[in-house]
Each structure stands twice: as C-alpha cells, then as structure tokens.
Amino acid sequence: MKILLTTSFLILSIHWFAVGQTQNEQLLQVDLGWEKALLESDVAFLENLLADKFVWVHNHAGQIDGKEAAVGRAKRIKAGQADDTKNRTSRDQKVMIVGTTGVVSGYTVVDRGPSPTTYHFMRTYALVDGQWKLLANHTMAIPEEE
C-alpha cells in the first residue's frame, strides 16, 4: 500500500510538473512556427495564428502592420513576388505565461544578404479556446556594434 501511494504521488507530481513545462514549451513551439511561417510564407498558418486585431510594430515604428498586411505579404510571395529572406533563426527565447496571456521574447537573426540582421522581438499571445493567438509583435534591429 505504501509503495502504491508513493508511486501515485510521484506520478501526480511528474504530471503537474510536466503540465507547467508543456504550456511554456507549447507556446515556444507556436512561436517557432511563426518564424517558420514567415520564412515559408505559410498563409494558412498565419491566418490561423494571428488574432483579428494583430499588430506588428517594426523597427522604430517605421512600419506598422496588421493581420491583413502580414497575411497579404505571404500571399504575394506565394503568388511569385520576390522574397530575399534566406533564413530566420531564433535564439535566447524567454517564455512568460500569466493566466491566458503569454509573452515570448528573444532574438531572431534574419538573413537577407549580404549580411544577416539581428532583431530583438517581443510577442504577446492569448490562449483562446485552447489555441494560442498572436496579438502583437514588436521587432527592433540591433545595431552591429552592440
């Protein structure tokens, strides 16, 4: 009986630990999916991921896009518009979840040639009906000398 109780407690402890890990890992995987979808111009993924009121503030607010602009760009690339992005690599991501809101921040190195640009990003997600939706994305180019 003692072994059964100890084993049950251990299994429940592992389960509760895994649940916390799983939500952070799930959001990180969704965020990596965002990067992949941008690289591959995956229209269906973007349409599903982005909240209707999505906002993307680019470097120094030089450009501000919504869902329509982000998805529209992917559609144009799929239709043949040139895209010079060769690769997108994320690193040093941090995930913070409070209730149904998640924030992922980190760096993305975007290779458009001749030399890659490193961006710091902060993305805000909301958990809606069990699915993460991207509400906002803020990106800032990091000068090479920093």
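In this predicted model, the largest pocket is lined by 23 residues, and those that lie nearest its centre are Trp56, His58, Arg73, Arg88 and Arg112. The volume of this pocket is about 410 Å³. When the lining is sorted by class, 10 of its residues are nonpolar, 7 are polar and 6 are charged. Helix H1 (2-40), helix H3 (67-78), strand S4 (101-111) and strand S5 (117-128) each contribute at least two residues to the lining, and H3 gives the most, with 5 residues.

These elements belong to a chain with 3 helices and 6 strands, which follow one another from the N terminus in the order α-α-β-β-α-β-β-β-β. Of the 146 residues in the protein chain, 32% count as buried. Among the contacts in the chain with a separation of 6 or more, 45% are accounted for by residues 24 or more positions apart.

In soluble globular proteins, nonpolar side chains tend to be buried together. The largest nonpolar core here has 19 residues, and the ones with the most contacts inside it are Trp34, Leu46, Leu49, Leu50, Phe54, Tyr125 and Leu134. Two or more residues of this core come from each of H1, helix H2 (43-49), strand S1 (50-57), H3, S5 and strand S6 (131-141), with H1 giving the most, 5 residues.

Is Arg123 buried or exposed? Its relative accessible area is 1%, and Arg123 therefore counts as buried, the limit for that class being under 20%. The side chain of Arg123 makes a polar contact, at 3.0 Å, with the side chain of Glu35. Setting aside neighbours within four places in sequence, Arg123 is in contact with Asp31, Trp34, Glu35, Gly102, Val103, Val104, Thr108, Leu134, Ala136 and Asn137.

Leu39, by contrast, has its place in helix H1 and is partly exposed, with a relative accessible area of 26%. Once its neighbours within four places in sequence are left aside, the residues in contact with Leu39 are Asp83, Thr85, Lys86, Asn87 and Arg88. One of these pairings can be given as a distance: Leu39 and Asn87 are 48 residues apart in sequence, while their C-alpha atoms are 6.6 Å apart in space.

A few details of the backbone remain. Most residues other than glycine have a negative phi, and most peptide bonds are trans. Against that background, Gly113 and Pro114 are joined by a cis peptide bond, with omega at about -5°, and Pro114 is placed in the loop between S4 and S5.

Terms used. Residues are numbered from 1 along each chain as its sequence is written. This is a predicted model: local features need pLDDT of at least 70, side-chain atom pairs count only at pLDDT 80 or more; totals for chains, interfaces and linings use all residues. Side-chain values use heavy atoms; hydrogens and water are left out. On a 1 Å grid over the protein atoms alone, a cavity is a set of points where a 1.4 Å probe fits but cannot get out, and a pocket is an open set with protein on both sides within 12 Å along at least five of seven lines; lining residues have an atom within 4 Å of a point. Grid points are joined across faces, edges and corners, and a volume is the space filled by probe spheres set on the points. Helices (H or I, at least four residues) and strands (E, at least two) are DSSP runs, numbered from the N terminus. Ala, Val, Leu, Ile, Met, Phe, Trp, Tyr, Cys and Pro count as nonpolar, Asp, Glu, Lys and Arg as charged, and the others, Gly among them, as polar. A nonpolar core is a set of buried Ala, Val, Leu, Ile, Met, Phe, Trp, Tyr and Cys residues joined through side-chain atoms within 4.5 Å. Buried means under 20% relative accessible area, exposed over 50%, partly exposed in between (1.4 Å probe, protein chains only). Contact means heavy atoms within 4.5 Å. A polar contact is a pair of N or O atoms within 3.5 Å; within protein, one must be able to donate a hydrogen and the other to accept it, and residues adjacent in sequence count only if both atoms are side-chain atoms.
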